[in-house]
Each structure stands twice: as structure tokens, then as C-alpha cells.
Amino acid sequence: MVVIAKEDDLRIGTGRTARFEGEAYGSGVSFFHVHNVEGQGPAAHVHPYSETWVVLAGEALVRTSDGDVTAHQGDVVVVGAGTAHAFRAAGPEPLRMLCIHASPRIEQDFLDDAEAAQAGVTF
């Protein structure tokens, strides 16, 4: 069986980021295809599984309780299961990144402001 999902059909709202949940397509993985401009990124959150990012273009400033790291085009970043994290597009070039979720469904719990501050993952 071969299934093709059109990225335009996976877009979130009016933005450029696409959300693919594998379960609906017979896949064991899910992903976000991120396309953010400088300063954009999700609020602090956590997943019950690992998340693997492939930076396709631009730079991502990644924040966890371990501190900040900057990932550049071509880098692969792995965030462990249960690790609170957030990221932002950094630099003038738009960030394009594939955020692969080791699950057929995307499961993420967003932290409230106090939880994010306590975990050290606020922007």
C-alpha cells in the first residue's frame, strides 16, 4: 500500500507549518513540517515519546532545562521522552524543520507559565 498526503492539506490554520499524524495514513510516526520566521515557535511542552528534529534550513534555538542549544541546517536534534522543551526560529533565514514524533499520533502537553518557568523553558 502507498499513501500520499499533500502538504497543503496538512497545513495548520492559515500558517505555513504542516501537521501529519501517521495513524490516519497507516504510519507509525507523525511529524510537523515547521516553517517559521525569526522569533516564532511553540510554547513550552512535553511528549511521552522522543522527538527527532531535522533542520532543513535556517537555525533553531532550542531550550530545555539543560540550557539552550542552537541547531543549524543539516543538524539532527533528539529531545528525549518527557523532556520539557520549546524552540524559536533564530536568525534572518526562515526556519524549516521536520519534527518527527515517534508515535502514530501527536501527543503533547503544553506547560502553563509557572510550569514552564520552573522547567526553565520560557522565552
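In this predicted model, the side chain of Thr83 reaches the backbone oxygen of Gly80 at 3.0 Å, where a polar contact is a pair of N or O atoms within 3.5 Å; within protein, one must be able to donate a hydrogen and the other to accept it, and residues adjacent in sequence count only if both atoms are side-chain atoms. Thr83 is located in the loop between β7 and β8; strands (E, at least two residues) and helices (H or I, at least four) are DSSP runs, numbered from the N terminus. With a relative accessible area of 25%, Thr83 is partly exposed; buried means under 20% relative accessible area, exposed over 50%, and partly exposed in between (1.4 Å probe, protein chains only). When residues up to four places away in sequence are not counted, Thr83 touches His45, Val46 and Thr64, a contact being defined by heavy atoms within 4.5 Å. The C-alpha atoms of Thr83 and Val55 are separated by 19 Å, and these residues are 28 residues apart along the chain.

Residues are numbered from 1 along each chain as its sequence is written, and side-chain values use heavy atoms, with hydrogens and water left out. As the model is predicted, local features need pLDDT of at least 70 and side-chain atom pairs count only at pLDDT 80 or more, while totals for chains, interfaces and linings use all residues.

Five strands form an open sheet in the order β1-β2-β9-β4-β7, with antiparallel pairing; two strands pair if DSSP finds at least two bridges between them. The edge strands, each pairing on one side only, are β1 (18–20) and β7. On average, neighbouring strands of this sheet are turned by 15° against each other, direction ignored; axes are lines fitted to C-alpha atoms, for helices over the stretch in contact, and angles run from 0 to 180 degrees between N-to-C directions. Within the sheet, β2 and β9 pair in the antiparallel sense over seven bridges. Ser30 has His101 in β9 as its bridge partner.

In soluble globular proteins, nonpolar side chains tend to be buried together. A nonpolar core is a set of buried Ala, Val, Leu, Ile, Met, Phe, Trp, Tyr and Cys residues joined through side-chain atoms within 4.5 Å. The largest such core has 16 residues, and Val34, Trp53, Phe87, Leu95, Met97 and Cys99 have the most contacts inside it. At least two residues of this core are supplied by each of β2 (30–36), β4 (51–57), β5 (59–64), β7 (76–79), β8 (85–90) and β9 (95–101). The largest share, three residues, comes from β9. Leaving aside neighbours within four places in sequence, Trp53 is in contact with several residues, including Val62, Val77, Phe87 and Met97. Another core, of six residues, lies apart from the largest one and has Ala44, Ala84, Ala86 and Ala116 among its members.

Six salt bridges are found in the whole structure, each being a side-chain nitrogen of Lys or Arg within 4 Å of a carboxyl oxygen of Asp or Glu. Arg63 and Asp68 meet through their side chains in one of them (2.7 Å, N to O). Arg63 is buried, with a relative accessible area of 17%, whereas Asp68 is partly exposed at 42%. In the salt bridge between Glu21 and Arg19, the closest N and O atoms are 3.2 Å apart. The side chains of Arg11 and Glu7 also meet in a salt bridge (3.5 Å, N to O), and Glu7, Asp8 and Arg11 are linked in a network of salt bridges.
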